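Dear colleague,

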Amino acid sequence: MDIQKLISQMTLEEKASLCSGDDFWHTKAVERLGIPRTMVSDGPHGLRKQDEAADHLGINDSIKAVCFPTASATAASFDPDMLQVMGEAIGESCQHEQVSVVLGPAVNIKRSPLCGRNFEYFSEDPYLAGKMCTAMIQGVQSRNIGTSIKHFALNSQEHRRMSSSSDCDERTIREIYFPAFEMAVKKAQPWTVMCSYNKINGVYASENHWLLTEVLRDEWGFEGYTMSDWGAVSDRAAGVAAGLDLEMPSSGGVNDRKIVEAVKAGTLDEKAVDLACERILKIVFRYLENAEPATPWDKEKQHAMAAAIAADCMVLLKNEGELLPLDKGADVAFIGEFAEKPRFQGGGSSHINCFRTTGAVEAAKAAGLRVTYAPGYSVAEDTLTEERLAEAVAAAKAAKAVVVFAGLPDSYESEGYDRKHMRMPECQNRLIEAVAAANPNTAVVLHNGSPVEMPWIGKVRAVLEAYLGGQAVGEAAVRVLFGDVNPSGHLPETFPVKLEDNPSYLFYGGEGNRTEYREGVFVGYRYYDKKQAEVLFPFGHGLSYTAFEFSNIRVSAEKIKDTDTLTVTATVTNTGKRAGKAVAQLYVGDPESTPIRPVRELKGFEKVALQPGESRDVSFTLDKRAFAYWNEEIHDWHVETGEFTLEIGDSSRNLPLKASVTVESTVELPRHYTADSIYMDIMKDPKGREIMGAFMKKTMAIFGAEQESGGTDAAKEAVTEEMTMAMMQYMPLRGIISFGGPETAGELRNLLEALNG
Ligand code: BGC
C-alpha cells in the first residue's frame, strides 16, 4: 500500500479526523480512498471484544472469550516462554474476531500494594516486568496482531488517575519506571503504545514530547503508532505536536477540528498531522494485509491452556511439615465461597466474559477426590454468620485436612480506584483463624491481585498464592494442592508484613493532583533489602514439593570493561524426590558507589525443569546495563569502575552463591572542578589525584601533618597524618587561600586549569 500517496490525496479535515477513533473501538475509515475501519479491543489477558453499547470499564458484556491468568499471576511464573504461548493464543483469537490490536500488556510498576490495578501489572521489578511483557508481545504479534503496551508512563496509582501528576526524578524514571517499556520497544517493537492518563512532572503523557517522541522514538526506535488511553487527551493539538498519533475513543469531532484550526493558525505543522496519519495507516494496513479471519479459535483448547498456565503461576508461600501436597485418598474440606466461585480476574476494562469458569470444588469432584464444601463467608455481603462459621468448623473437624479459599472480593480492588488498606476482609480472617483452631492441617489458597496482610500466618500450615489466575484457576488449584503439578511460581513482588512498611507509604497518592515518587529507586525489595527490613515474604520467594540446590558459580572473567559482556554460570540440582521447576535468579550489586544504590537488583532469571537427581547449568549474560545506574549529569547509563557482587539463588533473600567481578568504565565523566570542589572528590578521581601531587604536599604542610622540624612532639601526636586527611577531605580547594595565605591563590588557579584541561 502506498501510504504516502493516500495521505497526499486526503484533505486536512480527513487527516485530522483519522487521528481519532470512529467510536469506542474503531479507527476511522476514509471510504473514498478505500481505507477501512479497524478494531482494537481490550485484553490484556484474553479478548474483550465489545460489539454494542461499548464502554471501557467492563460494565457491558463482551463476546464470550477465554480469561487467562492476569499479569499478577503470570509474572509469578518467571517463565517468558509461557507468556509467549499465551500471547500466541490471544493473537489467534484476535485474528478470528478481526481485532487488529489487543490493548495490552499493562506493565506499570507496582509501587504500592494499594494500586487498584496491580492485578493487571507484572511486578515491582522493571527487569522482570520487561522480560514478561516482551515475551507476551512477541507471542501476540507472531500472529500478525498488534499490541498496545500501556500505560506509558508512571501510572502506578488509580487515585486521581486522570489528573494527577507523577513527579519523579530522572534517575528513578530511567531505572524503575521506563525499563519494561524500553525493553519491549527495543526487543519486540509493539505495534502501538498507549500513553497514560496522568501527567509526568507536570505535563500530561498525552502531550509530552519528551516522552512520546524524544525517548520513545528518537532513543528507543519505536516505529508504530501511539494512542491515548481512553479520554486521556487534554490539548489535542499539543498532543499531535508531541507525537500522540491517535486519540481514543473520539471527541465527536471536537478535537479533530482543533487540529485543523491549529494548522490553519500556523501553530501546528501540517507535517506532524501527516506523520500521525502515516503511522496509523501503516499499522492499519499491516493488519489488513495479514488478516486471517479463518483462523480457528478453539476455546476448549485455550481453557486447558489457561489451566496449565495458572498451575505454573501459583506460588507456594509456606508449607510447614509438608502439609501439601494433600493425599488424594484423604477426606479434605474446602471452605470459603471462593472454593466454589473463585475470584480469578479484576474489575474494569480488562474484564473478560468467560465462556466457562471452573471452581475448585467442581474440579475436585470431577477428579473423584473426597472433598466436602462449606461456604463460610459471604462474598456479596462481606460477612460471616455464626451459623456458617459453625458449619465450616464442623466440616474442618470432620476432615483430615482443610483448605480455606480466601482473598479479595471485587469491591476491594479494581481499576478506577485504589485500595484503602492491605487487609483481607475481616470475616475471612476470622474464618481462617477458627478453622485453623479446629484443624491443625489447614492450608489457605489466596485469590487476590496484590499483597495482603496475613495476621493468621503463624496458625496455618500452608499458603498457596493463586493471584487472579484466570477462568480455570479452580482446576489449577486442585492440581497443585493434590500434587499433580509441583508449584513453581515465585513472587514478582514483596509481601510486606504490613502496609506501613512499604517504601511509598508516606507519599503514595500524593497531595491533591501531585504525587511525588519520593522513595526514588527504592521500590519493593530495593528498599526492604537496603533497610534489612523484615518482610512477610520476599521478592522472588516460592517453595516447591521438591528441593533444589545451587552450586558451582563461575564467571567468564574476573575483570571486564563496561563494553564487554560477562557470563555467569551456576548449577542447579533437584535434590528431592519429585520432578519440579526451579527459578534461578541472578542479582547484581555495587557495594561501593557514589550514587546511593540498592543492595541488589535482578538482572537475570531462568526457569529450569529438573527430574529428581538431575542437574543443569544456568547461564546469564550481563552487559553494561546490568551494572549501570542512570547518571543525571550525562543523561545516560554509566558504570562506576569497581567491584560488583553477583548472587544466585531462588529468592532475593536466599542467595547461596556469591561471586564478584571488577568492571572498568570506558567513559570519563565530565570534570568541572572549581575552587569550591572539595579535596576528597578530586583525590577519588585517578586523574585528579595525579595532578594534585605537589598541591597536596603543600596542603599537608600547611595543615601540619608534614611538620618535620617545627612543632612539638605533643602537637605531632595531637594531629596525625590520618586525622589531617580526615579533616581535610571535606575542605574546598579555596581553603588553601584561607589557611595558606594570598600567595597560594596563583597556585590554585594553575591547579584548576590543569584539572579541567
Ligand atoms: C484503561 C485502558 C483500557 C481502555 C479501553 C481505560 O480506562 O485505562 O487500560 O485499555 O480504558 O478500555
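The notes below take up pockets and then salt bridges.

This is a predicted model, in which local features need pLDDT of at least 70 and side-chain atom pairs count only at pLDDT 80 or more, while totals for chains, interfaces and linings use all residues. Residues are numbered from 1 along each chain as its sequence is written, and side-chain values use heavy atoms, with hydrogens and water left out.

A pocket here is an open set of points on a 1 Å grid over the protein atoms alone, where a 1.4 Å probe fits, with protein on both sides within 12 Å along at least five of seven lines; lining residues have an atom within 4 Å of a point. The largest pocket has a volume of about 1000 Å³, volume being the space filled by probe spheres set on the points, which are joined across faces, edges and corners. Of the 27 residues lining the largest pocket, T594, E640, L669, K684 and D685 are the closest to its centre.

The second largest pocket holds about 790 Å³ of space, and of its 31 lining residues the closest to its centre are Y127, K131, M183, K187 and K603.

The structure also has 53 salt bridges, each a side-chain nitrogen of Lys or Arg within 4 Å of a carboxyl oxygen of Asp or Glu. R37 forms one with D22, where the closest N and O atoms are 2.9 Å apart, and another with D23, at 3.3 Å.

Best wishes
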